[in-house]
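Please look at the sequence and structure below before reading on.

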Amino acid sequence: MRIGIVCYPTYGGSGVLATELGKALADKGHMVHFITYQQPVRLNAFHANIYYHEVQVPTYPLFDFPPYESALSSTMVDVILNQKLDLLHVHYAIPHASTAYMAKQIVSKQGRVVPFITTLHGTDITLVGKDKTYAPVVTFSINESDAITAVSENLRDETYKYFQIEKDISVIYNFVDTQRFRRREMPHFRNAIAPNGEKILLHVSNFRKVKRVPDVVKVFAKVREKIPAKLLLVGDGPDRPSIECLCRDLGICEDVRFVGKQEQLEDVMSISDLFLLPSDYESFGLAALEAMAAQVPVISSNAGGLPEINIPGQTGYMSDVGDVDGMAANALKLLQDDELLAKVRKGALTQALRFHIDNIIPQYEALYEQVLQQQALQQAQLH
Ligand code: GMT
């Protein structure tokens, strides 16, 4: 198949998932065309079946807001027509689903029928999409999609709850390449971070409010009161300055390391003992799944889709949002009991294997086939 993938190219779960999906589809022989305004972060090596089309957004003195959506639709049209795409798969509803709808309408005037599939990732529904500034467009473009997927049951249910959706939403879970994220012994790296054998706690995110990074720091401070420990904070974002202040206030700066946006996440995960994810909401929590693949147990909130991946006592533990004491107690329970830690590490890997990339990619391929068959049938009925 010739597949166009549209996503946010920046450091964030939806872009990561879309890029890994495109790479996996290319490995299986499909021709994959990424259409984004910047090279996606995980699209970092040459692949014979992968093409990248950058969206150029010309400026003009009249534009206070350069019309990105128009530029994206026009690029989609160009790629559909010139690369003979069979379908578009857009990730994140805003504005990708509505621009795909526009592109579909434009090419249909030229006799080309190209279906589009929309994958909902989370904040496009639960935070941004619900905003009444966007809601009518989100509802319309989801309903106009030829197929809709959500990355968890919780996100599917939230979408039905907040929008008038007239179509089926299929749940296709996020996935992980367990080979890439397998745990490897890296004594030099571990030693550099924790030279005196301290436990290493890890958090990865875009440091937005929804991630509750201050809770990460507070949980860590409580753990550190009881055992020697280090905290690795991977990523960056708007809350970073206030998080640094909090570390100073708590007097724990020498044990907290901000390591910025890391591409080699698998290395950081390989040396970690616990992954912390206390978010207000997670549709899925892809970074937690990647941690599990590296045998890192997860201490998380029980928000959104997290209970669909984090199984208490098997892969880690969950607490209510904001329950810093509960999270710290769970972290200590694991870190102070080697036998339990070893058991939960194994359980985390077993859980990650359920979301193995090879189990999930065929679900997307089957959906593509189904959409193309439906479209062929509709065309036949028309003629
Ligand atoms: O978590 C973020 O802020 C980034 C966001 C995104 O859209 O890039 O992530 C969402 O999609 C990921 C991939 O499907 C999910 O694993 C995350 O849970 C989800 N984030 C939220 O729901 C807050």
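## A buried asparagine

Asparagine 330 counts as buried because its relative accessibility is 13%, and the cut-off for buried is under 20%. The model is a predicted one.

Asparagine 330 is part of helix H13, which covers residues 324–335. Leaving aside residues up to four places away in sequence, asparagine 330 is in contact with Ile299, Tyr317, Met318 and Ser319.

## Two domains

Domain 1 is made up of residues 2–175 + 357–382, and domain 2 of residues 187–354. To their contact, domain 1 contributes 21 residues and domain 2 contributes 21 residues. Between the C-alpha centres of domain 1 and domain 2 the distance is 31 Å.

The size of an interface is often stated as the accessible area that is lost when the parts come together. For domain 1 and domain 2 the buried area is about 1500 Å², with 53% of it on carbon and sulfur atoms.

A salt bridge joins the side chains of arginine 42 and glutamate 290, at 3.2 Å from N to O.

On the side of domain 1 that touches domain 2, the elements giving two or more residues are helix H1 (13–27) and helix H6 (153–162). H6 gives the most to this side, with 4 residues. By type, the residues on this side of domain 1 are 9 nonpolar, 9 polar and 3 charged.

Note on methods: Residues are numbered from 1 along each chain as its sequence is written. This is a predicted model: local features need pLDDT of at least 70, side-chain atom pairs count only at pLDDT 80 or more; totals for chains, interfaces and linings use all residues. Side-chain values use heavy atoms; hydrogens and water are left out. Buried means under 20% relative accessible area, exposed over 50%, partly exposed in between (1.4 Å probe, protein chains only). Contact means heavy atoms within 4.5 Å. Domain bounds come from an automatic or database domain assignment. Buried area is the accessible area (1.4 Å probe) that two parts lose on being put together, summed over both. A salt bridge is a side-chain nitrogen of Lys or Arg within 4 Å of a carboxyl oxygen of Asp or Glu. Ala, Val, Leu, Ile, Met, Phe, Trp, Tyr, Cys and Pro count as nonpolar, Asp, Glu, Lys and Arg as charged, and the others, Gly among them, as polar.
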